[in-house]
Structure formats: structure tokens, C-alpha cells
Amino acid sequence: MSARPQRGIALVTAVMIVAIAAAIAVQIAFAHQVWFRQMENVADRDATDWLRRGALHWASLALLEDAAQNSTDDLGESWAMGLPTLPVEGGTIKVSIEDAQGRFNLNSVVNPASLQVFSSLLGVLQLNPLLANAVLDWIDSDSVASAGGAEDVDYLSLNPPYRAANRPMASVEELRLIRGFDAKTVAALLPYVTVLPLATNDINVNTASPVVLAALVPGLDLPTAQRIAEVRDSTPYKTVDDFKSKLPRGLTAPTVGMVVKTDFFLVTLDTSIGRHERRSEALLQRLSNKSTTLIWHRPQPLIGSGEPDESPSSMGSDEPGKSP
Ligand SMILES: [Ca+2]
Ligand SMILES: [Ca+2]
């Protein structure tokens, strides 16, 4: 063989080796990039978790400090103002505290007077008041359907079939499993209801929204409830009797439990760290012994993230008892 073709083959081989090496280098660089991004994500997630724990601690301290200063809870107190969006390393965090007892506790429907309040709440929101019975059936231990309600026999005929819980609700999202509660109905109710770990029906009249006040007081219309709430926000009630005495003439005071002091608070945490934007919600219970306990802390879908999944399996995100 002459030297010329040999040189030619060597040249082609060299070009091929360079091409293969370049391709490998690109692949390695890509893998590194992916790995780097993954590490970045893990770091962002860890930072977010720590930040959320810190924020919950702040919320707990704010509530305890409040309890040390006074024995009523209203919307003019510092805990209710929350914190402005705070810059933190690599992002921001926003914490807000809401009185969970300013909302209607769905688990209280087992109490007939509370069931009536829930029925009124549905009416104020221009929803079918009989839907209250569907929630009662979902929670009560028996399998006897109330008027407009639903029990095992109704849920077992669905595809896929499932049974009524027949126990207190663990999260408001559970509403989507109850007959008659479509996405629109649940969205309308969501700002006014909550789920507490007990059947307490004590609504805080200092923090209840006009909608909840209208549901609470028989015969109270929404415009009047709005006027009552405006006056209340500047001069909160010292006692429940104070609230009752200031009701417009002709209205009878509610018979359900009412308070001017709260034990349960919803804490919303919005964090944005690196490329991670997350929202979580927690339920804190302020105990009489000057401490708080975390009932649950779970991730929430960000606003605008779309409609929740229609299927019953979408309820799997609940993590009762999970620590932050
Ligand atoms: Ca207070
Ligand atoms: Ca039942």
C-alpha cells in the first residue's frame, strides 16, 4: 500500500475521533447542566422548607404575643395585618394569618343549629340550601339520607363508586366528593368555610365576614351585615353580649355558639425562592396554656394554576398531621 491512501485513512480517522469526542463533550456538558439545575432545584426546595418553618414559627409567636396582651381577637390586631412581602436570600416570603373561626366550620353541621347556619350561608351565596344536608350525610355516622342529602347508596352508584366518609372532614377540598358540590359551588363557598378538627360551632363575631354574619343572624340581609361589619371593624365587640346588643332592632340573636376570642388560625405562606414559587396553608391552634400546636400544614395550588382535577382521586394531597 502506498503512503498517500494510508495518510488519507489516518486523516478520516482523526476527523471521526474529533467528531465523536465533540459529541461526547456536548453530552457531558448537557448532563452537567441538567445535574446542576437539579441541584439548584433541591437547594431552592430546601431553602423554601426552612423558610416556611421559620414563618410558621413567626406566626405562632405573633399569636402568643397577642394572647398575652388581650383576651379578644379582632381584625385590627397585629396578627391580622400579616407581614409585608419580605425579601430573603434568593427570593421573597409573604405570611398572612386569618382567623379560622371567622369562617363556618363544616364539621359543626352535626349540630342542628349550625346546620341551619350553613343552610343560610348557602342561601346568602345563592346556592341551594339543601346542599347543607348533603354535607351532614357525608359527616354523620349513619347511612340514612336527609332531604337533598346523599349516602353510600348514592355514591356507590357513581363511576368510580365510593362511600360516604361518615366521619368529620379532614379538608375543605373533600367537599368536591359530596353530591351537588361542583367546582363552581366549592369555589363560591371556599372563602367562607373551613374544617376544624372538632365540631366546634363557635364563630368569632369580631372576624366573621359580612356573608358569614348574614348567615349567622336569622333575618339579617347582606347589605345590613356589611354595615354592621364596617362599624365593628372600627369598634370591635368586647363580648358576645356586646354584639347581640348592637344588632339592629327586630333581629333575634343567633342561638349557635359565638365568641370574641379565637383558638384556630389559618396561616398562608407564599414563598418564591429561585425558580420555586410555592403556597402552603397551615392550621394553628392557640392553646390555653400559652402555646400553639400545628394541626396541619399542606401545599396549596397557586392562584391561576387552573381548575382542580375533577376526579375523586385528586383528594390525595391531604396530609393531616404532617409537620411543616
Ligand atoms: Ca387578640
Ligand atoms: Ca352518613
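Guide: Gly257 sits in the loop that runs between helix 9 (240–245) and strand 6 (258–259). Helices (H or I, at least four residues) and strands (E, at least two) are DSSP runs, numbered from the N terminus. The model is predicted, so local features need pLDDT of at least 70 and side-chain atom pairs count only at pLDDT 80 or more, while totals for chains, interfaces and linings use all residues. Residues are numbered from 1 along each chain as its sequence is written, chains are lettered from A and ligands numbered from 1 in the order in which they are written, and side-chain values use heavy atoms, with hydrogens and water left out.

Gly257 counts as buried because its relative accessibility is 18%. Buried means under 20% relative accessible area, exposed over 50%, and partly exposed in between, with a 1.4 Å probe and protein chains only. Setting aside the neighbours within four places in sequence, the residues in contact with Gly257 are Asn201, Asp202 and Ile203; contact means heavy atoms within 4.5 Å. Leu216 is 41 residues from Gly257 in sequence, and their C-alpha atoms are 9.8 Å apart in space.

For the protein chain as a whole, 62% of the contacts between residues at least 6 apart in sequence join residues at least 24 apart. The chain has nine helices and nine strands. It has 324 residues, and 41% of them count as buried. Its accessible surface is about 17,300 Å², and carbon and sulfur atoms account for 59% of that. Such areas come from the Shrake-Rupley method with a 1.4 Å probe; for residues, only the protein chains shown count as cover.

A salt bridge is a side-chain nitrogen of Lys or Arg within 4 Å of a carboxyl oxygen of Asp or Glu. Asp242 is buried because its relative accessible area is 15%, whereas Lys246, at 48%, counts as partly exposed. Elsewhere, salt bridges with shared partners link Asp49, Arg52 and Arg278 into one network. The whole structure has 11 salt bridges.

Next come the strands. Strand 1 (residues 86–88) pairs with strand 2 in the antiparallel sense over three bridges; two strands pair if DSSP finds at least two bridges between them. Val88 has Gly91 as its bridge partner in strand 2. Two residues lie between the strands of this hairpin, where Gly90 takes a positive phi near 85°. Strand 2 is also joined to strand 7 (residues 264–273) by nine bridges, and these two run antiparallel. There the bridge partner of Asp99 is Phe265. Glu98 forms a salt bridge with Arg103 at 2.7 Å, N to O. Glu98 is partly exposed at 32% relative accessible area, and Arg103 is buried at 15%.

Two calcium sites remain. Ligand 1, a calcium ion, is coordinated by Asp66 (OD), Asp66 (OD), Asn70 (OD1), Thr72 (O), Asp73 (OD), Glu77 (OE) and Glu77 (OE), at 2.2 to 2.6 Å. Asp66 lies in helix 1 and Glu77 in the loop between helix 1 and helix 2 (78–81), so the pair ties together parts 11 residues apart in sequence. Donors are N, O and S atoms within 2.8 Å of the metal (3.2 Å for Na, K and Ca); water is not among the atoms, so sites may look incomplete. Asp66 is buried at 6% relative accessible area, and Glu77 is buried at 10%.

The calcium ion that is ligand 2 is coordinated by Asp137 (O), Asp140 (O), Asp140 (OD), Asp142 (O), Glu151 (OE), Glu151 (OE) and Asn166 (OD1), at 2.2 to 2.5 Å. Its donor residues are spaced D-x2-D-x1-D-x8-E-x14-N in sequence. Asp137 counts as buried at 0% relative accessibility, whereas Asp142 is partly exposed at 35%.
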